[in-house]
Amino acid sequence: MLWDIDLTLVDARGFGPRWYRQALAAVTGRALENMPDTAGRTELAITTDVLENHGVPADETTIAAMFTALTSAVAETRDELAERGSARPGAAQVLKALSLEPGFEQTLVTGNLAEVAFHKLESFDLHHHVDFEIGGFGADSVHRHDLIADSVAKAADRRGAMISPDSVVVVGDTPHDVAGALSFGAIAVGVATGHSTETQLHAAGAHAVLPDLADTDAVLTALS
Ligand SMILES: [Mg+2]
């Protein structure tokens with residue numbers, strides 16, 4: 001089970017631009033003038049755009065410095081994030097219920113950096129049943145699709161056995177999450193707690209679409 005974070009498990013709305021403003025200023029001395037689209041995209045893709053949109057070459061060293069600065073910015077605002085952001089209703093209950101299902105592993109496929117993913121989940125006490133070691137994270141590719149393959153390869157390595165794509169479930173709030181799942185051959189579950197409607201998630205090809213995670217039994221039924 002591969003979970004998206006933003007607007008699926010956690011609402012950190014409003015913090016993203018602030019973290020980027022802080023990181024861009026720290027690394028380049030420039031003021032953030034605009035933010036690219038972030039929904040369903042990876043941190044590598046977003047950071048590259050932010051740098052290029054501000055006239056800074058997106059070379060490996062600068063990107064690495066931005067990632068370090070972003071992680072610090074998130075760590076510094078942890079308390080505020082916990083206070084002003086929120087866990088999606090039912091997220092904690094669903095993660096816990098799935099952790100009790102035999103043979104089920106839960107991890108993340110998210111555009112976030114691994115460290116940022118941890119901060120975001122731990123801020124809302126959602127980190128307990130998620131295996132961060134086998135996640136797919138946003139530092140590794142500009143293509144969200146790649147992160148699913150990354151995560152499944154890590155899980156297969158650890159098990160020492162192949163994992164068939166159709167035993168993988170990807171849960172997310174955007175058509176990007178759905179498209180990533182379908183291109184890998186995984187089961188795509190849409191949750192309409194982001195900017196996309198249930199209709200849009202169905203149209204993207206999701207195998208199942210949930211209005212939210214609030215009803216644990218309904219979610220477990222849909223996922224099984
Ligand atoms: Mg999301």
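The model is a predicted one, in which local features need pLDDT of at least 70 and side-chain atom pairs count only at pLDDT 80 or more, while totals for chains, interfaces and linings use all residues. Residues are numbered from 1 along each chain as its sequence is written. The protein chain is divided into domain 1 (2–11 + 86–223) and domain 2 (15–82), with bounds that come from an automatic or database domain assignment.

**Sheet**

- Five strands form an open sheet with parallel pairing, in the order 4-1-5-6-7; strands (E, at least two residues) and helices (H or I, at least four) are DSSP runs numbered from the N terminus, and two strands pair if DSSP finds at least two bridges between them.
- The edges are strand 4 (107–108) and strand 7 (208–210), each of which pairs on one side only.
- Strand 1 (residues 2–3) pairs with strand 4 in the parallel sense over two bridges, and Leu2 stands opposite Thr107 in strand 4.

- The centres of domain 1 and domain 2, taken over C-alpha atoms, are separated by 23 Å.
- The contact takes 18 residues from domain 1 and 16 residues from domain 2, where two residues are in contact if their C-beta atoms, placed from the backbone, lie within 7 Å.
- On the side of domain 1 that touches domain 2, the elements that give two or more residues are helix 6 (114–123), helix 7 (144–159) and helix 8 (175–184), and the largest share, four residues, comes from helix 6.
- By class, that side of domain 1 has six nonpolar, nine polar and three charged residues; Ala, Val, Leu, Ile, Met, Phe, Trp, Tyr, Cys and Pro count as nonpolar, Asp, Glu, Lys and Arg as charged, and the others, Gly among them, as polar.

**Helix packing**

- Helix 2 (residues 43–53) and helix 3 (residues 60–76) pack at an angle of about 110 degrees with their axes 10 Å apart; axes are lines fitted to C-alpha atoms, for helices over the stretch in contact, and angles run from 0 to 180 degrees between N-to-C directions.
- That makes helix 2 roughly perpendicular to helix 3, given that angles of 65 to 115 degrees count as roughly perpendicular, under 35 as roughly parallel, over 145 as roughly antiparallel and the rest as oblique.
- Thr47, Thr48 and Leu51 in helix 2 meet Thr62, Ile63 and Met66 in helix 3, and the residues of this contact divide into three nonpolar, three polar and no charged.
- Helix 1 (residues 15–28) and helix 3 pack at about 130 degrees with their axes 8 Å apart, and are therefore oblique to each other.
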